[in-house]
Amino acid sequence: MSEERAKAADLKLAVVIMAAGKGTRLKSRRPKVLHEIGGKPLLSHVIAAASRIVAPADIFAVVGHQAATVRSAVADTGVHFVEQTEQRGTGHAIQCARPSIAGYENILVLSGDVPLIRPETLQQLWQFHQAQQAAMTILTAAPEDPTGYGRVLRKAPGSPEVEAIIEQKALTPDQQSLREINSGIYAFKTAPLLAHLDRLTANNAHGELYLTDMAGLLGAAGERVVAIEAAETTEVLGANTIAELVALDATLRAATANRLMASGVTIFRPDTCVIDADVEIAPDTVIEPFVQLLGRTRIGSDCRIRSYSVIENCTLGDRILLRQSCILAESTVADGARIGPFAHLRPGSDIGEDAHVGNFVETKKARLGKGAKANHLTYLGDAEVGEGTNIGAGVITCNYDGVHKHKTQIGKGVFVGSDSTLVAPVSIEDGAYIGAGSCITKDVPSGALAVGRARQVTMEGWVAARRARQQPPR
Ligand code: UD1
Ligand code: CA
């Protein structure tokens with residue numbers, strides 16, 4: 001599709017993300033670009049940044065190692081894929097993309113393992129590349145410790161022009177002091193790139209085709225090769241080891257917490273909280289220490305999320321009090337509800353406005369209407385609980401018959417006495433009462449009292465009589 005478009009129109013820019021590598025230094029079975037920071041794969045961060053650059057650009061991801069897994073992890077982003085079946089280096093990755101990029105005037109090359117890159121910086125790189133009319137523009141940085149990165153050798157100090165990129169292992173003793181690193185992010189004019197791309201050789205420490213060698217090759221061919229330093233060093237750091245990955249994760253989470261605090265959210269001890277990159281929180285909500293907010297969680301305003309709670313992919317309204325140590329997943333909680341402590345909302349729970357879910361209450365695919373209460377020691381699974389209904393302590397919906405799951409329907413204003421079991425499928429209509437300790441197996445009509453328990457037997461004087469019977473013989 002995009003190849004046709006490329007042929008037909010004056011397409012200026014394509015983005016190529018190199019993501020085919022194995023990530024040997026991570027010592028992991030998982031492909032490097034699917035390792036996560038801020039709760040999202042490295043590659044997803046890079047795709048998100050690439051999608052937000054202003055110039056319209058098609059995005060190609062070069063995949064190879066465990067290609068099918070990588071493809072399916074980012075399939076929903078709409079990127080196009082290029083296969084690099086054998087990973088013979090970053091230069092080879094671009095060679096594999098040749099048919100895809102040939103119709104574009106320029107390409108931006110990104111690395112799938114450099115996840116903190118910001119769209120603004122890509123935009124600057126793209127603008128600088130155009131202004132300089134360069135064949136190759138390298139995004140660089142000067143971190144405290146440049147060890148491991150390729151170094152950028154400028155033609156003269158302060159000159160935009162670059163002589164070559166030298167990989168760490170190829171540095172001569174007097175080049176060891178070079179501090180400007182290659183970020184692995186570049187802009188190329190496609191025509192000169194493709195004209196010289198096949199001149200790369202594997203004559204180096206790894207026996208690979210290095211894209212970095214294009215700097216020297218293009219320069220020697222009389223093409224303009226320049227470099228621009230990124231505004232922030234942290235955004236061009238790569239994740240090659242678990243330690244580097246964890247450091248980038250910490251940087252990203254700190255940035256996320258700072259962004260939320262700048263928008264009016266109070267996060268006490270943000271360093272103890274784990275907040276994923278896509279979490280959204282409205283102003284005047286307070287997050288206490290040691291809280292985890294994961295995935296696509298959204299929290300409204302004026303909420304208080306107390307310590308040790310873990311919330312994943314949930315939507316919470318306004319003015320919610322979530323007491324300590326609650327676990328919520330794939331659920332919604334409406335305005336003014338009170339949850340916990342020690343509540344467990346499993347996927348598909350939908351807690352209504354001003355409803356209460358108390359300690360040691362577990363819900364799953366359960367809807368609680370406005371003002372409904374289940375305050376103590378309860379399991380509500382595959383259940384519907386109407387407005388204002390009170391679920392007593394220890395009530396259990398028996399939703400599973402060993403083979404199938406069944407629904408429990410509880411109407412509005414119902415009172416379910418403590419320690420009752422509701423054997424689904426069963427329906428309790430509006431305003432009904434269930435006596436404590438009942439085992440309810442049949443539907444209860446509106447306004448009725450249902451009691452399903454053994455009758456109490458009281459035997460007056462039984463204790464004294466027993467004692468008399470049990471008198472030991474003298
Ligand atoms: C590369 C650069 C180095 C730069 C650093 C910045 C080269 C030779 N070196 O080194 O100058 O400082 O990035 O982070 O390019 N990949 C493929 N196919 C391959 C090999 C790699 O798609 O055959 C992908 C990887 O999945 C990765 C990216 O390219 O996302 C970079 O590869 P990596 O091996 O991490 O390069 P570095 O050694 O970090
Ligand atoms: Ca790397």
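Analyst: Lys407 is partly exposed, because its relative accessible area is 41% (buried is under 20%, exposed over 50% and partly exposed in between, with a 1.4 Å probe and protein chains only). The model is predicted, so local features need pLDDT of at least 70 and side-chain atom pairs pLDDT 80 or more, while totals for chains, interfaces and linings use all residues; side-chain values use heavy atoms, without hydrogens or water. Residues are numbered from 1 along each chain as written, and chains are lettered from A and ligands numbered from 1 in written order.

Lys407 makes a salt bridge with Glu384, with 3.0 Å between the closest N and O atoms (a Lys or Arg side-chain nitrogen within 4 Å of an Asp or Glu carboxyl oxygen). Distant parts of the chain are linked here: Lys407 sits in the loop between β32 (396-398) and β33 (408-410), and Glu384, 23 residues away, in strand β30 (strands are DSSP runs of E of at least two residues, numbered from the N terminus). Through shared partners, Asp350, Arg367, Glu384 and Lys407 form one network of salt bridges.

Strand β30 (residues 379-385) also holds Asp382, whose side chain meets that of Lys364 in a salt bridge at 3.0 Å, N to O. Lys364 belongs to strand β28 (residues 362-368), 18 residues from Asp382. Lys364 is buried at 9% relative accessible area, and Asp382 is buried at 8%.

Elsewhere, Lys40 and Asp278 form a salt bridge (3.4 Å, N to O). Lys40 is in strand β3 (residues 40-41) and Asp278 in the loop between β13 (274-275) and β14 (280-281), so this pair ties together parts 238 residues apart in sequence. Lys40 is buried at 19%, whereas Asp278 is partly exposed at 24%. The salt bridges number 21.

Technical notes: Helix = DSSP H or I, 4+ residues; strand = E, 2+ residues; numbered from the N terminus.
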